[in-house]
Amino acid sequence: MKYKLLSLNVGRPEVYQTDKGELNSAYRKTPVNEPTFLTKTNFQGDEQADKKNHGGQDKAVCLYPAQHYRHWEKEYDQSFSFPSFGENLTVEGIEEEDVCIGDIFQLGEALLQISEPRKPCYIIARTHGIDDFPARVTKEGYTGFYLRVVREGYVAPGDEMHLVERHPAEVTVAEVNEIRYHDRKNQARLEKVLALEPLASSLRQSLSKRLEP
């Protein structure tokens, strides 16, 4: 499996105006054109405004599939430029239903491991002025996902992202989205997800509350 990095994006917190008032966020990122060093917690030049819910080693990198842009442009009859979804990596061809929690990929010099699906929040709605955006993203399953950094290194736009190691449990990002949002009472599937050692700790804690005694 090989996928191309179309856009490498970083951003720092800023206060900007939305149709519902001021928003302090690092959601609005800017593409970079040169190799950028990726540490265990973020790309150089990247930062999070809300460090309680974003960032940290389990969410060091946010990836969004480039082909989803075409879907949203058709759905909303408007254009979205990279990185309209606040992602660090805009990658062509990768799909939530084809990659698994714990999969390890090489990108440039870095090694990355998928840790959890991204949870769409109000910021995407506020930034684009589209109130139902988070609900639509959740319904479609076009969430993108987070990765932790296994090995630091330089990453550049145009680098290929290729699978190094498939996690043996083979629980896809799409399956975790299904448990998280739709098939919420399926205890067998829930236990399968919670058994994944590479699952991000914050999501594990949240899902564990659904376990029946």
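These legends describe close-up views of a predicted model. Local features need pLDDT of at least 70, side-chain atom pairs count only at pLDDT 80 or more, and totals for chains, interfaces and linings use all residues. Residues are numbered from 1 along each chain as its sequence is written, and side-chain values use heavy atoms, with hydrogens and water left out.

**View A. A cis peptide bond joins F82 and P83.** Its omega is about -5°. P83 lies in the loop between α1 (67–76) and β7 (89–92). Helices (H or I, at least four residues) and strands (E, at least two) are DSSP runs, numbered from the N terminus. Most peptide bonds are trans.

**View B. D77 has a positive phi near 55°.** D77 is not a glycine. Most residues other than glycine have a negative phi. D77 sits in the loop between α1 and β7. D77 is exposed, at 72% relative accessibility. Buried means under 20% relative accessible area, exposed over 50%, partly exposed in between (1.4 Å probe, protein chains only).

**View C. E170 also has a positive phi, about 50°.** E170 is not a glycine either. Its place is the loop between β12 (160–165) and α4 (173–181). E170 is partly exposed, with a relative accessible area of 47%.

**View D. Strand β8 pairs with β9 and with β12.** Two strands pair if DSSP finds at least two bridges between them. β8 (104–107) and β9 (110–117) run antiparallel, joined by 4 bridges. β8 and β12 are also antiparallel, with 4 bridges. I104 stands opposite Q113 in β9. In β12, the bridge partner of I104 is E165. The hairpin of β8 and β9 has 2 residues between the strands. There, G108 takes a positive phi near 60°.
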